[in-house]
Amino acid sequence: MEPLLFYWHMSIHAAIEEKGSSALNQIEHSTDLEALDAVRVAVLGKKGSLSEALKQLGQVPPEERPKLGALANEWKAKIETAIEARKEILAAAQIEADLIRTRIDVTLPARKIHLGSLHPITRTIRKVSDTLGRLGFDVTTGPEVETDFMNFEAVNIPKDHPARDMQDTFFLGPGVVLRSQTSPVQMRTMREKKWPVRILCPGAVYRCDSDATHSPMFHQIEGLWVDKKVSMSDLKGVLDFFAKELFGSHVKIRLRPSYFPFVEPGAEVDVSCALCAGRNPHCQVCKGTGWLEILGAGMVHPRLFELAGYDPSEISGFAFGMGVERIAMLLHDIPDLRLMFQGDQRFLKQF
Amino acid sequence: MKISYKWLNEWVDLSGLKGPEQLAEILTARGLEVESIDRQDRGFDKVISAQILHKEKHPEADRLSLCKVNPGGGADYLDIVCGAQNMKVGDIVCLAQIGAHLPNGMKIEKGKIRGVVSMGMLCSEQELGLAKESEGILILPPKTPVGWKLSDILGLDDTVLEIKLTANRGDCLSYRGMAREVAAALGQPLKAPKVSPFSGSGSPIRVELDAGEFAPQFFGAYLDSVEVGPSPDWLKKRLESIGQRSINNLVDVSNLLMFEYGFPVHIYDADKLEGGVIRVTRSKSGEKIPLLDGGEIETTGEELIITDGVKAVGLAGVMGGGNSEVSEGTKRVFLECAEFDPTLVRRAAFRFGRRSEASLRFEKGIDPKGHREAMGRLIDFVSKIAGGELVGTSFAELPSRAAFSVKSIATTVDFINGFLGTGLSEEKITAILQTLECGVEKSGTALRVTPPTYRLDLRIREDLAEEVARSIGYDAIPTTIPALSGMPEMRLGNAKDHRLSVIDEAKDALAALGVNEVLTYSFQSEGWLARFGMRSSVPILNPLSEEQGFLVPSLLPGMMKAYLENERHHFGSDPLSVRLFEIRPVFSFSGQKIEAKGEGETGVTERLKLCILLSGPRYAQGLAVERGETDFFDLKAVLESLFETLRTKGIRIRAADSGLLQSSAGLFHPGQSLQYAAGKEAIGFAGRIHPKLESELKLRGPVYWAELDLEPVIGLTPEKEASFKAWSPFPTMERDFALLVDQTLPAENLIQSALKHGKPIAKVAKIFDTYQGTQLPEGKISIGVRVIFSDDSKSLEEKQVDLCSELIVKKWNDEFKAVIR
């Protein structure tokens, strides 16, 4: 080989080497995808430096060409790899940069929609209805303005009966009252339908009484079950089920004899204190007695069946009634009855 | 009723009991609920008698004394600092030792008073709860032993039980009645006192019955040589133990008889009776009777009164007359023990505001066969305690009363066991009834039971079942679950009718829409209703207060009260958000007079309403700029979403112009309210509160509220579950229109018109934009309407949609002068 030619060959060789390493260097130092792409075009593009160098291969003796060609391809591959690698790095950096740019303070407040609530009285009526519904009770309602007959006489409280003292009633006119109990619904239902009857009657009732533990308007749920061969042990069973479902399977019930004109025998029903079970003499819930009075109950007085048009010798039945506020206060630890009717959202939103 | 343990023990042997607590358990288990147990010695623990040994002035305080006292029991003296001056060396005083907890709540602790240690406190009567006021400390009699417990010295060893008697057990309003129950429970005999017999004649004053069945029997007794004076200590103490004040020996014995036997009796000063007769009769209207409490009543013609043939001397069963009462100088007395009608006594006692221990007992009914014995006991008491000598008695009785006997009750063992769910033997049931002094006759499987005359409450076989139940104890009744029998007419439980279900669903939907359920009173004051231009047609005749005088014709006034309550306690700079709803009836009456018709009609209408109130930020939380402010369209959205959730069909809206607002005058902003109709029936309004009302009520910001009749909504809500509807498989096409219309045109009219004239392919029409600005002519607005076309059976063609669109545009122009921009 002639020395001059050799040098010339050498110079192409060197040029490839030089352009190649210079390109690698530029790739290494490119700071964004655009700059990187500019490097690619400048080196590998149609008019790129490596391409230019390769164009001169034609002037090289044929025996040298494969060597130089291989060299050039080697560099090309090297550069492409480097570009790809760099691209990955830069793309990742770009995302990183975007992440920083689009960062928000996630501890700022959420854009919360309003959450509504159901009144504890509604919740309690539903809970009681759902619980007893599983035993076969239907829910039914009636008017809040009632006749004296339906409110009193139909439930065996005739005029001048001492039991009228038990309830101070609001009057609207001769023989017209705001019902003082939901019992009229029982009579209305029995007059409408043949037995068997299994109903729950929830609703507002009214009595002239207002203090920390009495509201002139409050709510009751009464239950009535009339059929052949209904016994007082059935009443106990239903109430026991009810108490355990509502207050926990560990509570017990206690029936104490009492008197309501519409039942015979009558009973006041207590549940054992779910909180202290009678073990805490200073218990806030049961006042240390271990028992909470929650409802009144009894076997339906035959007089009611007569008034309903049923034959008392064919059937028997039991009835019970509870104050919804009282149950709601126990279920939700509400300390003051008056909170129920004030409309204060600080109260309402807790349920 | 108060019952003294010691006193009761004289009627029935309580020695087998562990104490008052066990007695209370027994009574409560039998239906005589013991409400409280009050030990008289409560608070006297560690209070003893002590003698003053030495007394000197406190070195640091002139008003205090330093005493050395002997607490007895061989102990050394104790140093006591005392604020009183009324004691001297040698006096026996009451010493509250360290650790005592006095009846007035004071706890005695070891402490220094002005630098001197005091080892207890010398007590006054007031501090011991023995008197309401007292001066100085209590000095005990000189011979009182030292170191004794104060409760022993004062004889405060009794316990008083407060019993809540039910209305049916008038027979237990006495020691004798209570003792019968206890005797039955314990299997003990009753310790009845011996009563001297008397013959029914010889009284200078005779008794006469002149009130028919209202006064069927009357015992009178005439006693001479009585001496009125203070009662003996035992009697005073006995009455005081149950909270009664001692007056004099005659008044006290009549009370004693009443509490022991349950028979109210009266004692007249016989010398003040004029006509030689005591007659019970109905009053005439307008008679004036002076009563012994100093007052005077005017009769109505209904009451039973007592006359002496010349003047009225008492309101029978309620109170004696002031003109015949016993006084200090009384020498001769006339005793009355009679039966008066419970209802007439009750009414008279109520009418004249004079319900008393006596009238209460008459009201509840008294053993019709017990008067003779009670009178005998009273004569014994008066003779023994006031020294009277019986001159003679007089007795009158209606034949019907003489023939009275208690009706027997037929029952069977099977009935009682079936009714209670028990399995008691015939022997057991018979024994229980006999213990309660019932006569029991057996014939085959039937039992014929005759209750004692004092048990007026036992009338039917169920009453007997109750006697058995409370005797064995309700705890002894088994627990069973009743069988569900077939029921052709009613569902098998756990079901509510459609109406109640819709109400429940509506409540759930509203809660889910961020509204809080509230309950307000059904009554408001006349004045508060008037602020909303409302009047109630249903006033309450006996309201608790003016504030609660009228049943509400609308839920809005109560809702506003609830809103204001939330405003009232809202402090700070955070915006107040109030979102409330209520579903409750309102009340109205359109007749002449509210009066019951038949057994079940009142004429008062109850209409179920839904009321909603919204105000404050649109979002519950967020940056101020993003939270926004609730406006009319938020309220409209709540209602639309509610109807959508319920699947209610056929609710229509109309912009509430002034004409429509007649019925809601002044409640809603006329330009920001909507009338709702169910089908053709108008059911209510929704809108911004009227600015005038807003300023009158000084509201902090705009309030949006609505009130709708709920029953028509329920009527338009399907009962059936939702059924699946397929959507068109063919693509829809849409056209947007920008229309220039008068500002006053309700945009909804454009929608309704497009749907009507675009049938059947114009399926949806909606407003997507509005624009008002200076580029538009005065009074005009641009409304963007998008109409979506589709056909369920084939693909639409452009031409078809274009034709339909042209028709819609033409109709818009015809009907509303709307032009395409």
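Is His570(B) buried or exposed? In this predicted model, local features need pLDDT of at least 70 and side-chain atom pairs count only at pLDDT 80 or more, whereas totals for chains, interfaces and linings use all residues. Residues are numbered from 1 along each chain as its sequence is written, chains are lettered from A and ligands numbered from 1 in the order in which they are written, and side-chain values use heavy atoms, with hydrogens and water left out.

His570(B) has a relative accessible area of 17% and is buried (under 20%; exposed is over 50% and partly exposed in between, with a 1.4 Å probe and protein chains only). The residue is located in the loop between α16 (556-568) and β29 (578-588) of chain B; helices (H or I, at least four residues) and strands (E, at least two) are DSSP runs, numbered from the N terminus. Apart from neighbours within four places in sequence, His570(B) is in contact (heavy atoms within 4.5 Å) with Pro575(B), Leu576(B) and Arg700(B).

Leu108(A), by comparison, is partly exposed, at a relative accessible area of 44%. Leu108(A) belongs to the loop between α4 (65-101) and α5 (120-133) of chain A.

Chain A is divided into domain 1 (3-101) and domain 2 (120-348), the bounds coming from an automatic or database domain assignment. The C-alpha centres of these two domains of chain A lie 93 Å apart. In chain B, the domains include domain 5 (498-591 + 603-715) and domain 6 (733-820). The centres of domain 5 and domain 6 of chain B, taken over C-alpha atoms, are separated by 34 Å.
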